[in-house]
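The structure is shown first.

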Amino acid sequence: MSLLHWAILAPFLMAVFVPLIHKRAAAIHTGWFVLILPVLLFGMFLQYLPVTRENSSITETASWIPSLGINFTAYIDGLSLLFALLITGIGSLVVLYSVFYLSQSKEKLGHFYVYLLMFMGAMLGVVLSDNVITLYMFWELTSISSFLLIAYWYDRERSRYGALKSMLITVFGGLMMLGGFLVLSLMGDTFSIRELAAQALELNKDPLFGLAMILVLLGAFTKSAQFPFYIWLPDAMEAPTPVSAYLHSATMVKAGIYLVARFSPIFAFSGYWFWIVGAVGLFTMTWASFNAVKQTDLKGILAFSTVSQLGLIMSLLGVGAASLHVESLDDNLFITAVIAAVFHLINHATFKGSLFMAVGIIDHETGTRDIRKLGGLMSLMPVTFTLSVIGAFSMAGLPPFNGFLSKEMFFASMVHLLELDLFQMDTWAILFPVMAWIGSVFTFIYSIMIIFKVFTGRFQPEKLEKKPHEAPIGMLVSPIILALLVVVFGLFPNLLSYSLIQPAAAAIVPSILPPGGQLDVHISFWHGFKPELFMTIGVIVIGILLYKLMPKWIKMYDYMPGKVTLNQLYNASLYAAERGSNAITNSYMTGFIRSYLMYIFVFFIGMLGFTMWAKEAFHYDASAAAPIGLYEVSLIIVLVIATATILLAKSRLTSIIALGGVGYTVSLFFVIFRAPDLALTQLVIETVSTALFLLCFYHLPKLSRHEEKRRFQAGNALVAAGVGIMVTLLGISAHSSKFFTSINDYYVENTYKKAGGENMVNVILVDFRGFDTLFEITVLAVAALGIYGLIKLRLEKGGETNENK
Amino acid sequence: MMEAVLQISLLLLAVSMIGLVYRLVKGPTVPDRVVALDAMGVNLVSITAVLSMLLDTHNYLDVILLIGILAFIGTVAFAKFLEKGEVIEYDRDQ
């Protein structure tokens, strides 16, 4: 266990102590104590910057289940460090924000911080794990802690619905991902991601490669809310705003991005990877930005915008895979896509975090998040307004904020695709920049919607629950820091170039780097009149036009069929699964023991018949059979008549007597076949059990004691006949094919010599195989005690009841 | 000679057994059946005896005794059941 391991585990350890702190120090907001940890971790991770800057990495291994090759291996390279810094950095800001957002007296803060710390530790574990099994474990922990956080206000129905939905979808993806990991580790014979990446080219030729890729991508797409799995994210907005800001914009939803980036060295050689990741990402981006415009809830807009931005990053990662197919590093245009993905990842975390916090402030200070009720807050909440403007303009891709730069790089990568002659891109390439551009137009529209619908226009105090005013300074600190970062990264993007972006991008496409080489990351603010600049200008012009004309075309959304949305599909499939399994279970679980016996017997006939038929086990060989005497035949006739009487008798009493007759005839058979001990026992037992049957008969309720004749049922007769025939055939076949001689010669020889008895049956029962006898005695004892208990112990309500009274 | 006699007697006993079974099945009343069962028990005693002669063994003498006892107990139990409706009477003192 190294320092790095303790850093991953520290949030979990802290989570253990949170309830204690919460109880003991009730006067101070628990968040202050929690805040220390992410700040410390952030500082600690900053110290790794010089290491990753040189494209080197640190690996620390702690044994977990070494016999299975499962180890807790922490691994830091550019990519994981970037994520670790995001998690701890934004984590600190979110904890600080939550101190002012959540009230110490009204909320269950102990729960909140336990879940949040659990999540933070799990997320650190995801990004720092090199072992896929460990990664999966932390991955599921993020799902679980996210579930707990979404349902933090568990008395609300919508919260529980959202939590369940996100749980089902992300856990579905998680399990698929586990399958993908296992397939991968089967192919590569290791659980370590780096060792898998080292044999990427061999893995590409494996027939299971496609399966592993699809499964891993399912995990990434469900977690990162890609189409069609994005539906859980808008419903997860029922969580407290700090949670939405932290989990559902900055960290957890980026776990899928991380996964795609982390596994790029393994999968990216495949053309399918390029197509699936690129196209799904781009479609998600366009679709979600289109849907974001019709939302009326601020958090709804932000949720769809998160989905859209994640799609953007995802598509960049997919397009970046094309860089592996370009020979020379110098004229490799697609490396821009990878750099843009990393850059936009950072940018999105900063501006989306600050936007969520700003929305939280608006919600906190006005009591609503509905843009139809809000308006004219500019003069009332100037700081929040400034924050929102910075965040939203950066999201829209306007200069001088950082979103502008990454959006430009995004356009540039998409335009470069026109020059690609791989993967049938010559026919489809034009779709990429067009869709990217359309998505960006809608992104622009919803971004300025946030500003203008909330802060300008008419102030409507009568619709608000509270009297709006500026938030306390503590609540503003975190978004101000994030907004400052937005501006700083916008103006001085090269602060990040070689410290964070280059190492992370190099970790995504390590195979194109020469040993010790570095990618050329130089983000320039002004790069001449390139097509991407005209695209951005087009976005702004068309976006403003469309926003102005919005009342004219907003009705378009009404024509979208409400019945066939993905949410409807999700609800309907849940309902159908519930109803369907209910119907199936009800159809065979009838509650009647005769149905179950029917299943058992039919199964018995079928399995036995099939096995014997398939193995050609039916035999008939009479050579070992003994001659049949006349008295045996007559006894059998007696037996058959008595048995038929049991079945056909009108009254139960007749059946009981006939059963006694059967028993006595069987004892006679024992006599004929020379088994005196059996005959003795059979006689006594038959007598006793007949007496017991009579006892039961006597206690039958008067009404049903003399019921009519049993109804004939063809199905029952068929099954009964089948069982009889099957067992008969089995007996004949078994008797016809004996492979070994019996061992009874040993007993005959040694009953007197070794055991000192003359009665061989008894010597076997108590000497040669006495253990069986011991436990048959036990069975009888248990039965006797059970009967005694059943009769004596009557714990019904209303005291002792006696049926005879 | 002896064996043939024994075989014939077994056959006759078996035939009488079939007759008793006919009574057991046909009834018509429960006492008819109980008496048939009792007679079957006696018949069993004889069959067992003849069989043990035929098999030349005296291991079945216990069986003969036991059948005698059980047939008696069984018939008495049945008789009591038919008479009183139960075999072991409820102890009214408790």
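1. In this predicted model, helix H12 (residues 241-250) of chain A packs against helix H16 (residues 335-366) of chain A at an angle of about 160°, and their axes are 9 Å apart. Because angles over 145 degrees count as roughly antiparallel, H12(A) and H16(A) are described as roughly antiparallel to each other. Their crossing is right-handed.

2. On the side of H12(A), the contact is made by A:Thr241, A:Ser244, A:Ala245, A:His248, A:Ser249 and A:Ala250. H16(A) contributes A:His348, A:Ala349, A:Lys352, A:Gly353, A:Phe356, A:Met357 and A:Gly360. By class, the contact of H12(A) with H16(A) comprises five nonpolar, seven polar and one charged residues.

3. A cis peptide bond, with omega of about 0°, joins A:Phe227 and A:Pro228. A:Pro228 is located in the loop between helix H10 (209-223) and helix H11 (232-235) of chain A.

4. A:Glu616 has a positive phi, near 50°, although the residue is not glycine. A:Glu616 belongs to the loop between helix H26 (593-614) and helix H27 (630-648) of chain A. Its relative accessibility is 65%, so A:Glu616 counts as exposed.

5. In chain B, the loop between helix H2 (30-54) and helix H3 (61-84) contains B:Asp56. B:Asp56 is not a glycine, yet its phi is positive at about 55°. Is B:Asp56 buried or exposed? With a relative accessible area of 69%, B:Asp56 is exposed.

Definitions and conventions:
Residues are numbered from 1 along each chain as its sequence is written. Chains are lettered from A and ligands numbered from 1 in the order in which they are written. This is a predicted model: local features need pLDDT of at least 70, side-chain atom pairs count only at pLDDT 80 or more; totals for chains, interfaces and linings use all residues. Side-chain values use heavy atoms; hydrogens and water are left out. Helices (H or I, at least four residues) and strands (E, at least two) are DSSP runs, numbered from the N terminus. Buried means under 20% relative accessible area, exposed over 50%, partly exposed in between (1.4 Å probe, protein chains only). Axes are lines fitted to C-alpha atoms, for helices over the stretch in contact, and angles run from 0 to 180 degrees between N-to-C directions. Angles under 35 degrees count as roughly parallel, over 145 as roughly antiparallel, 65 to 115 as roughly perpendicular and the rest as oblique. A crossing is left-handed if the near helix is turned anticlockwise from the far one by less than a right angle, and right-handed if clockwise. Contact means heavy atoms within 4.5 Å. Ala, Val, Leu, Ile, Met, Phe, Trp, Tyr, Cys and Pro count as nonpolar, Asp, Glu, Lys and Arg as charged, and the others, Gly among them, as polar.
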